[in-house]
Structures are given as C-alpha cells and as structure tokens.
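The sequence and structure are shown first, and the description follows.

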Amino acid sequence: MRPAGVGAYLPAGIAMKAPATKADLLGLLPDELVLFLRGLGQPRYRAGQLFSWLHRGAAFDEMTDLPKLLRSRLAELASAGTLRAEAQETAPDGAAKLALRATDEHLVETVLLPHGRRTTVCVSSQIGCAYQCRFCATGRQGLVRSLTAGEIVEQVVRVQQACHPTRVTNVVFMGMGEPLANYHAVVKAVRLLNHSGGLHIGARHIAVSTCGLPDGIRRLASEGLQVALAISLHAATDDVRSQLVPANRKHPIAEVVSAARAYAERTGRKIAFQYVVVPGLNDTPDQARRLAALTHGLPCIVNLIPCNPLSNSEPTDPRSAGRFAHLLRARGIAVAIRRSRGAEVLGACGQLRSRLIGQKDAGRAEARPAKAR
Ligand code: SF4
C-alpha cells in the first residue's frame with residue numbers, strides 16, 4: 001500500500017497511475033524531482049543525483065551517494081521503474097526483443113537493433129493499438145492502454161543495462177502503439193531521454209513514427225524538439241492507403257502530407273515516409289507518379305519495406321521493392337530499401353506479445369476490441 005500523504009510530495013499535474021501505485025520517479029524531470037524531494041526535506045542538488053541513478057537503472061538501495069535514511073524513505077514512497085523482465089529473444093543479427101511485464105500484468109515490447117556504430121532501441125508507446133493497420137500484429141490486438149512516460153523511458157534504461165558497455169545511441173518510437181495518440185507521455189519521454197543528466201540521447205537521434213495524425217504532427221512541430229518524424233504512408237492515393245491504414249479514412253493523404261510539410265518547415269528535418277511494398281497494390285507506375293507529385297519540394301526520403309512475414313499474410317517478393325525503388329528514383333525521389341531486421345525474433349510490432357499472451361495468458365481477455373477508424 002502507498003503510505004498516506006505521498007501525493008503531497010508530487011508536483012501538480014503529475015498523475016498517480018492508480019490509487020495503490022507508488023509514484024514512478026523514472027517518469028519525473030529533474031525539476032519535478034526537486035519538488036518531490038523538497039517534500040522530504042531534501043536540498044535541490046539531490047534531484048540531480050537521483051535523476052542520474054534512476055536513468056542508470058539503479059534500485060534505491062544502490063544509490064550510494066544518497067543518505068541511507070533517504071533511500072529507505074524513497075523505497076517506501078516511490079518506485080525506481082515499474083517493469084520487470086518477462087522474456088527475451090535474440091536473432092543471429094544481434095537484434096533482440098524484450099517483453100517487460102507492467103504492474104498491471106500487461107506486456108510491453110521493446111526491441112534492440114545494433115547496426116554498426118549505432119545501437120537503436122525501438123520502444124512501445126502503448127499496449128496494443130487502436131489504429132488497425134493491415135500489416136501490423138499490434139493493430140489486431142486493439143488498444144489496452146497508453147504507457148506512462150516512465151514506462152517508455154524504462155524500456156530504454158533496461159536495454160541500456162542489458163547491452164552495457166555498448167551505449168544506446170538512437171531511440172525510435174516504432175514499437176507497439178501510436179505515439180501521437182499518447183502525446184503528453186511521449187513528448188515527456190523524449191525530454192527525459194534527451195536530458196543531459198540521464199541517458200542524454202540527442203533529440204536528432206530520436207524518431208517518432210506515426211500512422212499519420214495531422215494535428216499531432218503539427219503540435220510536435222511546435223515543441224522546439226528536433227526529433228525525426230517518420231510517417232506510415234504506404235500508398236499515394238486515398239483508396240489504396242485506406243486499405244492499408246484505416247486511419248486514412250479520417251485523415252486523408254493530402255492532410256497528412258500538408259502536416260509533414262509544416263513539420264519539415266518548422267524543424268528543418270527531413271521527413272521519412274515508410275512504405276510497405278505490397279506487390280500489385282501500391283507499387284505500380286501510377287502510385288510512383290502520384291507519390292512524386294505529392295512529395296514534390298518536400299525534403300523527404302521514402303523507406304521501402306518488404307513486408308515482415310506474419311503467419312496469416314503472404315511473404316513479399318523482395319524484388320518488387322527494388323523495382324518500385326527504380327520507378328521512384330527515376331522521378332527524383334530519395335529512396336532506401338529497409339531490411340526487415342529481426343524477423344527471427346518476431347520483429348514486427350506486437351508479435352512477441354501476441355505469442356506470449358497466447359502461451360501464458362490463454363483465456364485472459366487482455367485486449368479490448370479494436371476501435372473502428
Ligand atoms: S502500425 Fe503502428 S499505428 Fe498502425 S496498428 Fe500498428 S502500432 Fe498501431
């Protein structure tokens with residue numbers, strides 16, 4: 001049980017997750033930790049010490065430069081992270097997927113992707129997702145709930161602990177969930193990950209990937225952050241895109257690309273358009289021509305992705321991505337063909353969770369029915 005009165009130590013606007021849940025200090029910025037510690041009669045400088053320990057994944061009793069009495073008080077009142085490791089799978093290419101169990105017993109997926117001198121962590125922003133993209137395992141699970149900023153940051157902290165002494169250099173919000181549908185927690189997590197007193201991951205090395213929510217894109221542009229933006233485009237016409245990304249029925253391509261232009265203008269960042277190649281559907285000369293018109297004058301790159309095999313979908317012929325890349329390059333579009341890494345560890349979002357739920361929680365009604373979009 002949370003001791004009576006702990007809420008008095010929390011800065012205004014910091015919500016408790018549940019009445020019986022301790023405050024997760026991993027989700028607090030240094031200024032918020034100052035207020036929390038002030039409630040315990042602690043000087044300001046303790047916040048910097050605590051923040052640094054928290055982002056190294058330390059438990060309170062390992063924070064050796066904090067007084068012993070304070071450490072035991074913190075352990076009574078708060079938590080230093082809330083997730084516990086449930087499973088890990090590693091692929092021959094070094095990619096690894098972690099399943100972390102939250103305090104409410106839901107599973108959170110995180111993927112480690114080493115590539116050359118970069119080490120990228122792909123984090124989840126929600127458990128499940130409401131957006132039902134056709135090729136996505138998470139979309140089939142429906143939305144369970146959004147993650148807190150602390151739960152998002154903890155995924156990176158846990159991976160950093162697991163891959164030490166290699167340093168995590170990049171974070172991408174491409175795991176479970178739609179980041180812009182969990183806007184406040186995601187932006188706060190970016191600020192926490194970027195903070196020089198913690199993991200200090202450069203904002204330019206953090207990418208937010210969205211299925212295309214124009215209001216969220218415009219709002220993110222105004223945050224003064226330099227994060228990269230990736231947009232799941234997957235088609236150049238509304239009729240085709242709506243088949244792959246149901247959110248397109250509410251937010252058509254023209255609105256999405258207009259918001260992308262605003263983002264590029266405001267931040268100076270190039271937009272990455274994600275494009276899963278579905279042969280015969282979205283890789284035609286007509287789609288290439290329309291894509292060139294849509295992106296004309298917009299600093300962007302189109303990432304072609306051979307579809308990650310799911311048990312109930314057809315594997316993609318890798319040659320079709322090459323052919324479509326040729327069509328796009330001929331129209332002056334910058335293109336990259338992305339390898340579908342970590343397929344061996346069920347690298348598409350939601351797949352490990354799907355399987356673990358199937359194995360361990362059979363019969364439990366974990367996911368709500370997906371919302372129609
Ligand atoms: S691709 Fe992203 S937005 Fe679409 S259903 Fe999957 S998690 Fe949700």
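Val-121 stands opposite Val-171 in strand S9. This pair belongs to strand S6 (residues 118–122) and strand S9 (residues 170–173), which pair in the parallel sense over three bridges. Two strands pair if DSSP finds at least two bridges between them; strands (E, at least two residues) and helices (H or I, at least four residues) are DSSP runs, numbered from the N terminus.

The model is predicted: local features need pLDDT of at least 70, side-chain atom pairs count only at pLDDT 80 or more, and totals for chains, interfaces and linings use all residues. Residues are numbered from 1 along each chain as its sequence is written.

**The sheet**

S6 and S9 are part of an open sheet of ten strands with mixed pairing, in the order S3-S4-S5-S6-S9-S10-S11-S12-S13-S14. Its edge strands, each pairing on one side only, are S3 (84–90) and S14 (335–337). From one strand to the next, the twist averages 20°.

S3 and S4 are antiparallel and share six bridges, with Ala-85 as the bridge partner of Leu-100 in S4. Their hairpin has five residues between the strands, and Gly-94 takes a positive phi near 95° there. S4 and S5 also run antiparallel, joined by six bridges; here Ala-96 has Leu-112 of S5 as its bridge partner. The hairpin of S4 and S5 has five residues between them, and Glu-105 in the turn has a positive phi of about 75°.

Helix H5 (residues 149–163) lies across S4 (96–101), S5 (107–115), S6 and S9, and runs at about 45° to S5.

**Helix packing**

Axes are lines fitted to C-alpha atoms, for helices over the stretch in contact, and angles run from 0 to 180 degrees between N-to-C directions.

| Helix pair | Angle between axes | Axis distance |
|---|---|---|
| H7 (residues 214–221) and H9 (residues 253–267) | about 5° | 9 Å |
| H10 (residues 285–294) and H11 (residues 318–330) | about 40° | 9 Å |
| H1 (residues 30–38) and H2 (residues 45–54) | roughly 120° | within 8 Å |

Angles under 35 degrees count as roughly parallel, over 145 as roughly antiparallel, 65 to 115 as roughly perpendicular and the rest as oblique. H7 and H9 are therefore roughly parallel to each other. Their contact (C-beta atoms, placed from the backbone, within 7 Å) includes Pro-214, Ile-217 and Leu-220 of H7 and Val-256, Ala-259 and Tyr-263 of H9. By class, this contact of H7 with H9 has nine nonpolar, one polar and three charged residues. Ala, Val, Leu, Ile, Met, Phe, Trp, Tyr, Cys and Pro count as nonpolar, Asp, Glu, Lys and Arg as charged, and the others, Gly among them, as polar.

By the angle between them, H10 and H11 are therefore oblique to each other. In their contact, Pro-285, Ala-288 and Leu-291 of H10 meet Phe-324, Leu-327 and Leu-328 of H11. The residues of this contact divide into six nonpolar, no polar and no charged.

H1 and H2 are likewise oblique. Pro-30, Leu-33, Val-34 and Leu-37 in H1 meet Arg-46, Ala-47, Gly-48, Leu-50 and Phe-51 in H2. The contact of H1 with H2 comprises seven nonpolar, one polar and one charged residues.

**The ligand**

The ligand is surrounded by 13 residues, of which the closest are Cys-129, Cys-133, Cys-136, Gly-139 and Cys-211; a residue counts as near if its C-beta atom, placed from the backbone, lies within 6 Å. This shell divides into seven nonpolar, five polar and one charged residues.

Notes:
Contact = placed C-beta atoms within 7 Å.
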